Amino acid sequence: MNRRTRGILVSLMRYVAVIFSALVAIFPIYWMFSTSIKLPNEWVATPSVWFPSRPVLINYQFIFSQAYEYTIGRRPEEATAFYSFAWSSMKPVFDSLILSTFGTLIALFAGTLSAYVLSRYGQKGAPPPVFPLMYRMFPPVAIIVPVVIMYAVLKLIDTYLGIIILYATLTVPLVLWLMKSFFDEIPREIDEAAILDGCSLFGAFYKGVLPLAKAGLAVTGLFIFILDWSDFMGVLLLGGRNVVTIPLKLAEYTSGHGELYGPMAAMGMVAVIPPLILGILIQKYLVRGFTFGAIKG
Amino acid sequence: MVKVTLQNLSKTFGGKTVIRDLTLEINEQEFFCILGYPGAGKTTLLRLIAGLEKQDKGDVYLDNKLVNNVHASHRDVAMIFQNLALYPNRTVFENMAFPLKVRKMPRTELRNRVQEVAKSLSIEHLLDRAIANLSGGEKQRVAIGRALVRRPQVFLMDEPLSNLDALLRLEMRVELKRLQRELGQTFIYATPDQLEAMSMGDRMATLSEGQLQQVDVPEVLYNKPKNQFVAGLLGSPAMNFMEGSCRQSDGRTLLDVGSFQIDITRFHKALERATGPELILGIRPEHIKVTRQRGPNSTCEVVVYVVEPLGGEMILHLGVDGGLIKAFAPPGFEAKYGDHVSVEFDPNRIYLFDKKTEEAIL
């Protein structure tokens, strides 16, 4: 075998490996998508249905209508007529968006400010404080019980404010750790130059350092948003009636009416959209952010 | 264009004294250099003047006004950091305009001011470039420009040329000096490089372990060092030191260095200041005459250890009494390892230091 054929073979094998890993990564998403357009009898058929015999939208229609009974057995044409769009069905999506957005913003605001202070005014070379991470060392169930009791007293159960506060407090320590490592990599002289240029202490942070930590802020924001977006435990125990998020709605599809895999997959597809849009918006920061600071590796 | 006065300044960091009871007056329009080894406290001194650190004791005056409690952002002092601290996310123009923007200067005035300064530093063509795409020298100019646009009262520079290559450093040295003359501003310049300090400073201070050793014009520091530290700091190669002890013989005073003796009778008066007979003899390499043959005035015979040709001149490392001294060889002098040559110390250019106190006694 000469050098050239060997080179071709090596690159061929490389492509095969890349394509294989890409397939492995994409397959679950494909399965979710295909299930979301399958008819009920194909959801869990044996042998598996790899490609829907007849793509339909009834699963989407179901989740966005007021219907509570899935019309198994009806012909798709009938089903389509049965389900009509209702704004109230969008509630889980809106609730998830409101809670995750405000939870993320508050955590970013508080966490970034404290991270900056710890980075600049903390003891030089001291390790970042561990105690804010204490929450994270317990299983969520362990801390949620006292939280439920506190919330009951404060009348915060099943309120937006209550869950936003919960999300913000649980994620602030992560923001603090991530942002501190970003700030630590920005030389102190930048702050000092800004101060000598006439900035106040806050001005040095806001105009001098923060613009340099934009990538870190974007990545941290996305990370926290996804955490809040996928929370189930918090909203299960503290919400339910007034506050219903996408993960909670998803759980509904398993009970009572049997396992509604189609609507689950459809809701899953909907749930992917906001983080995806966010990811695309901050794409130019992502690579830099992921290869810099604490998220690295 | 102001006078900077420091009075009994002290600063400790975690129990370590960095600046020790330092009193210093820097005149207006002066190019003042602070020379010292790394860790001598130069940066801390500049930061105290700028207000980035707060002194434990003592006072800082700018223009005869006490500024102890004035925040760094209001002291109107510009500092050029060793790593320059340019804002890497902004263009050259934005970097230079930043201090003016913070001061809310109107747009057109701001633009004109930046243009004018950029022109004087010949970086006009770079204004729209990103900082990352500049060379070291260009970044240096931008950092100076950012300080200049504000027209501050005092310029502080912390080893600003240390990241440049040797050739560029020479160029920038001249340029900074020219700039300071044109602006007529007070410059305070910290450096570990004695050549920089000597060539640029109107006056200079030598700093060691947070204490001022000697403050004067460079020539005085060079010719009349106050102590052994200052003598050893200035000059390249550094001054040679040899230990010896005083001895009386036939009414003359001799300094016995070991393999040779030097008559120091004529320094009789000065010698009374010494705390003991143990002295240190100092002589600069340029004041040693190297000859192949022993002459009537030769001080001693030595062995050549290392020859360092520098083109125009040549430095010889010579073995004396188990130690090495350095000397400049005359042009055309040929020597190689192991040669025996003679040296003659210029009797008018020798220095004597007390061994115990290290103070100069001449």
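Me: How many bridges join strand 14 of chain B to strand 20 of chain B?
Reply: In this predicted model, local features need pLDDT of at least 70, side-chain atom pairs count only at pLDDT 80 or more, and totals for chains, interfaces and linings use all residues. Residues are numbered from 1 along each chain as its sequence is written, chains are lettered from A in the order in which they are written, and side-chain values use heavy atoms, without hydrogens and water. Strands are DSSP runs (E, at least two residues) numbered from the N terminus, and two of them pair if DSSP finds at least two bridges between them. Strand 14 (residues 278-283) and strand 20 of chain B run antiparallel, and the number of bridges joining them is 4.

Me: Which residue in strand 20 of chain B stands opposite B:Leu281?
Reply: Strand 20 (351-354) of chain B is an edge strand, pairing on one side only. The open sheet of 5 strands has antiparallel pairing and the order 13-12-11-14-20. Opposite B:Leu281 stands B:Leu352.

Me: What is the area buried between chain A and chain B?
Reply: Buried area is the accessible area (1.4 Å probe) that two parts lose on being put together, summed over both. Carbon and sulfur atoms give 62% of the area between chain A and chain B, which is about 1600 Å².

Me: Which residue of chain A meets B:Arg146 in a salt bridge?
Reply: A salt bridge is a side-chain nitrogen of Lys or Arg within 4 Å of a carboxyl oxygen of Asp or Glu. The rule finds 3 across the interface of chain A and chain B. At 3.9 Å, N to O, the partner of B:Arg146 is A:Asp197.
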